[in-house]
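Take a look at the protein shown here. This report goes through its sheets, its overall build and its ligand site.

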Amino acid sequence: MKTCWRDIAAAENSYAALRAACSLHGILLYPVRAPSADITCYSLNSVTARKYENEIRGAECITIAGGPYSSACYREVSLYADYVVVGEGEHSLPALLHHIMEPEKTPIPPGVATSEAFIPPDSNVFLDAYPPFREVKGYIECSRGCPFHCGYCQTPSLFGGSMRHRSIDSIVEYANRVRDARFVTPNAFAYGSDGRSPRFEKIRKLLSNIESNIYFGTFPSEVRPEFICREALDIVRDHCMNTKLHFGAQSGSDRVLKQLHRGHSVSEVVSAVELCHEYGITPVVDFILGLPGEDEEDQLKSLDLIRWISKYGLIHVHQFLPLPGTALSGALPRPIISEVQKVLGKLALRRKVTGSWCDHEIRFFTTPSNDIT
Ligand code: SF4
C-alpha cells in the first residue's frame, strides 16, 4: 500500500516528525497535493480544517487526520475522515498504518478514533526514540510539553503538561551534522528543567558540545519572559549566533495576563526587553489582541507596551483565535479598537510590527528574514 502525506504548509513540523517516525517502520510518506491512493494523511489546525474538510470527505482513498484540530475535535473529524490520530502520532500513526495493511494481525492502536470508537492514547513519546525534525526541516526538536496552561494555547493538551527533553547526546549528534543548529521547543531556556525552574547548567553543557552555528531562543523556538535573566543572556552571548530573542508578552494588562494564567507579569516583560537591549539583543515580542475579557483600557495598555517595545525591538501581533481543546475554546474575540488598529498600521509600515490582527489568514509583512536571526 502506498501512503501519502497531504502537503499543507502549516503542517510541515508534523510531516517532519511523522515522516521520520514512519521511516523507522519501513513506511515512506509521499508528499501529495491531492488525496491519492491508497492512504492519505492530513494534519489539520483550526484554520486549515475548514479548507480541507470537503477534500477529505470526497477522497476516494483511505484518509487519516491528525494535528491539533483533529485531536481536540476527534468526534467531529471522524465523521469525514476514516481514522483520526489523537495527540502525538509518532507511535500511533505507524501502528495504525500496520493495522490498515494487515487488520487481522494488528488491532487499531491507542490514540486513534473512528466514527465508531476511540481508544485514548496510553503513553507519551520518548523524544530520543525518534529522529528530530532535521531531515525535513533542518530544525531539532529538543523539548515538548509545557507546565503552563495559558488559556488560548493547545500545547499542553496536545503534548502534555510536563516538559520532556531530548537528551544532550542526541541533540549534539544531530546538531553537529548541520551548519546552523536551530531548535524547536516551547521555551528554549527551560531545556533540561521541569519547565518552571531553569537549569542553566544543562543548557551550557548542551551548547558547549555543539560545534555548529547555534541559534537558541529565536526562530523557530522562543522563550518565556521571566526566564530572561543575566545568566540566560550570558549563555546566548557565549555560545550563540542569534542577535534576536523571541518571547511572548501577549498583553500589556496584568489583569488580562492573570485571566489567561500566563504566569508572568507586565513588569517581567519590561525587564526582559531592557536586559535584551543591554546585551545588544533585539527582542521579538508576541502579543494577542481581542482577548476575551479584554476591555478598551486593557487594549490601550497593550498598545502602550507595544509602542515602548518598538523602540528596542520587533513585535508580532495576532488577533485572538479560540482554539478547540483550550480553556478559551468557546470564547468570542473582542473587537480591536480603531486607535489600536491605526497605531499598529503605522508601526507595520515601519516594519516594527508584523502579524495578523484583522484576519487570521492575512499576515502583515511576515518576512522570515525579519525574524530569523
Ligand atoms: S503559550 Fe507557551 S507557555 Fe503558555 S501554555 Fe502555550 S507553550 Fe506553554
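How many bridges join β13 to strand β14? There are 6, and the two strands run parallel.

## About the model

This is a predicted model: local features need pLDDT of at least 70, side-chain atom pairs count only at pLDDT 80 or more, and totals for chains, interfaces and linings use all residues. Residues are numbered from 1 along each chain as its sequence is written.

## The sheet of 4 strands

Strands β13 and β14 belong to an open sheet of 4 strands, in the order β13-β14-β15-β16, with parallel pairing. Strands are DSSP runs of E, at least two residues long; helices are runs of H or I, at least four long; both are numbered from the N terminus. Two strands pair if DSSP finds at least two bridges between them. The edge strands, β13 (244-250) and β16 (353-356), each pair on one side only. From one strand to the next, the twist averages 20°. (Axes are lines fitted to C-alpha atoms, for helices over the stretch in contact; angles run from 0 to 180 degrees between N-to-C directions.)

Strand β14 covers residues 282-289. Its V284 stands opposite H246. Helix α12 (residues 266-278) packs on this sheet and touches β13 and β14. Its direction makes about 155° with that of β14. Contact means C-beta atoms, placed from the backbone, within 7 Å. Helix α13 (residues 296-309) lies across β13, β14, β15 (314-319) and β16. It runs at about 165° to β14.

## The sheet of 7 strands

Another open sheet has 7 strands, ordered β2-β1-β3-β4-β5-β6-β7, with mixed pairing. Its edge strands are β2 (29-32) and β7 (118-119). Strand β1 (residues 3-6) runs parallel to β2, joined by 4 bridges.

## The whole protein

The protein has 15 helices and 16 strands. Its radius of gyration, taken over C-alpha atoms, is 21 Å, close to the 21 Å from the globule rule (2.2 Å times the number of residues to the power 0.38) for 373 residues, so it is as compact as a globular protein of that length.

## Around the ligand

Which residues are around the ligand? They are C146, F148, H149, C150, C153, T155, P156, P186 and R224.

Methods:
A residue is near a molecule or strand if its C-beta atom, placed from the backbone, lies within 6 Å of it. Two residues are in contact if their C-beta atoms, placed from the backbone, lie within 7 Å.
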